[in-house]
Protein chains: 2
Amino acid sequence: MRSLRLSLLTASLLLATGVAGAATTNTVIPAGAVQTATQLRDKAMADDTGYKIVESLTTEVGPRLAGSPADQRGREWAIAKFKELGFDKVYTETVTYPLWERHSEHAAIVAPFPQPLSLIALGYSAGTPKGGLTAEVVKFDSLDALKKADPASVKGKIVYIGYRMHRQKDGHDYGMGSAVRTQGPVIASKLGAAAYLLRSAGTDEHSRTPHTGVTGFTDPKDAIPAAALSNPDADQLERILGYGKPVSVKLDLDVGFNGSYTGANVIGEITGKKYPDQVVAIGGHLDSWDPGTGAIDDGAGVAIAMAAGKLIHDLPQRPDRTIRVIAFANEEMGLWGGRAYADKHAAEAGKHQLGTESDFGSGKVWRMSASVKPEARGAIEQIAKVLQPIGVAYDTKRPGGGGSDLSQMHGKGMAALSLTQDGTYYFDYHHNANDTLDKIDPRELAQNVAVYAAFSYMAAQAEGDFGSAPGAFAKDGAED
Amino acid sequence: MRSLRLSLLTASLLLATGVAGAATTNTVIPAGAVQTATQLRDKAMADDTGYKIVESLTTEVGPRLAGSPADQRGREWAIAKFKELGFDKVYTETVTYPLWERHSEHAAIVAPFPQPLSLIALGYSAGTPKGGLTAEVVKFDSLDALKKADPASVKGKIVYIGYRMHRQKDGHDYGMGSAVRTQGPVIASKLGAAAYLLRSAGTDEHSRTPHTGVTGFTDPKDAIPAAALSNPDADQLERILGYGKPVSVKLDLDVGFNGSYTGANVIGEITGKKYPDQVVAIGGHLDSWDPGTGAIDDGAGVAIAMAAGKLIHDLPQRPDRTIRVIAFANEEMGLWGGRAYADKHAAEAGKHQLGTESDFGSGKVWRMSASVKPEARGAIEQIAKVLQPIGVAYDTKRPGGGGSDLSQMHGKGMAALSLTQDGTYYFDYHHNANDTLDKIDPRELAQNVAVYAAFSYMAAQAEGDFGSAPGAFAKDGAED
């Protein structure tokens, strides 16, 4: 087994570095395809198909927590919408994952200054015992400080970490913000904490809308109650801790694991006329967190990819390769849909021409980067040239990660782009009640559709491939 | 009785127009007092007493719904704070009002697109039957349209009005916004509606934080369930109504009247050394709505008045007249504290030198107007001259209303100012969960304290009065 693996790795390295046979020919996008892509781009910029799709999803389905009744309605909506848009092939692929449910959540400071707190339980949080859980709060300044904590100082207490995110175009504070949310509860649980609280991983510093998100609990037996306070509530808790008296908090979380659930990725295809089995893979995730209606996360991504497919569908003839639009299941609680897709299609990595997913809101795409074989760099430059006039800069030094779910297929060897959106305000609304349709600027969404339609079409028409093969790009350092 | 009333009215008109005896002498503020007031103003601008007070109230007590356990803690806080600040006299005056309680509230669209709605029950709303109430929504474009509705079109339905407020410096849209909230439910009830919903009377168009506030129900027998949707939820409901299918909503409101409650106005005084029984009356209201911590409504007002009193207290000697700072009970559900104060002190209207309450947030004071006798206009101009350098314009054409609770004492004959604050963002946070300490700019709050300290001191030192007398200013058209 070992030697087989090594020889596969060697083969993929050869492919990736372009030493092997056919890869010595440069991939090129024919002039006619560039021209059509330019027209697609301009049409998309003035088109509202994407906005209408996300309006439909968020209005007719609303919040779509994975495994909830609304999750099923979301799939029905996606199937119907693909068909309504005229996709050639619409199908589902099942995805099974642990079911986690939210029923209610309440919290209050009990002492020294009794008052309610606004919070939201995190995914895979345990519930509290009936009647709630009251314990003293112990604050840590960072995840590192918690890691070094003496278990005796934590046992039976409610651990709190107040990491504060700031607004950035690339949202890089979410790296630590999400670590505090995912790793923090696991560490606290191991140290014997009764529960875990954090300042929301969100940049809306003045809003009482706590941000949920998944924890790192993978086994219900390890889970403790874990929840996020809104930023003003975190401020209030910290102010009260500042009085130097013991602060006790009561948590009443009716949430928890409840067996498993089988949902599905919903897939729509515009069938390629020349190489129908070769696919350009784009998509978004269909599930959302439940406090909002999942407009920017990730109704926008589903809409961008569906609308891009629809624009290509409306061309006089089908593209050479298939455009596959995937509405992924349960991205939020751990890339379940993306992992299921990658596992199922791993052997077909080489048939995935190029791919990337939209899952960072609806702000304009401002940067493109790619993980492709060297001989395809010229084709990527051709794509970049079409996207440059609508504000997309090509960063040659960064890898392309493929986006959240499709990062998994990239991990299996699919050549991938990163199409980075402006995330300045993304973490104001991410995973909270304010993720609603009004946060989407129809013109910015249209720019995204233009980017996806143009690149997808050019990739579908390319003469040559981008280096996809099982095991390719295994260590390209892609970030997303 | 009738002739007596007429002669009282005549007397008050004479006083108000300055024809009667002593009123022919102009009221003047001595040069020394103007100088001290100028120093007070400048000291206050650089002082954080006001901010520390509102920080203390909102942190140590938090939300203070009238009649709740926190309302009692609020009184205890106010008594202790007045004493801590060194006020000469601290006392309470009881205020009795109907007790209304909020336990929980949930709502959801049942058909055609099931999903939860963010809403908050309104003050004096009835609760729904156990298990909730489900009915079809009927939308009206305005309060006027509802008034003209055929009862048959409303009976058994949930009436909805979607009046949309916009941001303004003077917040004038709240006139209609509050009418839709107070009168709408009463009209809907009379027409036989099952319940009433409105778009929140709030300008935070992108925030899922519904705004509560009182209705016009005065008798529990007339009350129906009444609640406000957040702006994005109102958008969503209207979008769904736009599909043209019947829309049914389930309301589950555990709220309602529960007998009566006796609270109190809490009063602190800096005793005048020359005319201790003559008072300059300033204040704010101590109660707040419950979703936020009552920072801008009206912790700020309480803090501004308390801090102004404290700054005058710290002068080398007591002012000539008493500075009376009143922390009113239950302003929110119908000026209960203000009306109790005015009823109790009606006969002493003439002893109230001048007064006004702060109850429009913590934005800078930008306009002053006054309802005083003509012979006191010169003194008002002297006050205006001291306030002009910190951004306050004197509007000679508008009356002075005395603010929310003290409007009632003005109605009894107290000369009054209006000190209008910049309310551009006030209705983003008013009566909702986002009314928290972080909304207060300490420098803007300090400007308010400067205004209150300077005017109060000058009024206390004036040679002569401002025309207060029982029944004076009965019809001056004061707005607030």
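**Entry 1: two domains.** I began with the spacing in chain A: the centres of domain 1 of chain A and domain 2 of chain A, taken over C-alpha atoms, are 33 Å apart. I note for myself that this is a predicted model. Next I looked up the bounds: domain 1 of chain A is written in two pieces, 25-88 and 271-461, while domain 2 of chain A covers 99-257.

**Entry 2: who touches whom.** I looked up the contact between them and found 24 residues from domain 1 of chain A and 25 residues from domain 2 of chain A. Together the two domains bury about 1,800 Å², and 59% of that lies on carbon and sulfur atoms.

**Entry 3: the domain 1 side.** Which residues of domain 1 of chain A lose the most area to domain 2 of chain A? I found Met333(A), Phe427(A) and Asp428(A), which together make up 30% of what that side buries.

**Entry 4: helix and classes.** Which helix gives the most to the side of domain 1 of chain A that touches domain 2 of chain A? My note says helix 13 of chain A, residues 426-429, with 3 residues. Sorted by class, that side of domain 1 of chain A has 12 nonpolar, 8 polar and 4 charged residues.

Conventions:
Residues numbered from 1 in each chain as written. Chains lettered and ligands numbered in written order. Predicted model: local features only at pLDDT ≥ 70, side-chain atom pairs only at ≥ 80, totals over all residues. Heavy atoms only, no water. Domains from an automatic or database assignment. Contact = heavy atoms within 4.5 Å. Buried area = accessible area lost by both parts, 1.4 Å probe. Helix = DSSP H or I, 4+ residues; strand = E, 2+ residues; numbered from the N terminus. Nonpolar A, V, L, I, M, F, W, Y, C, P; charged D, E, K, R; others polar.
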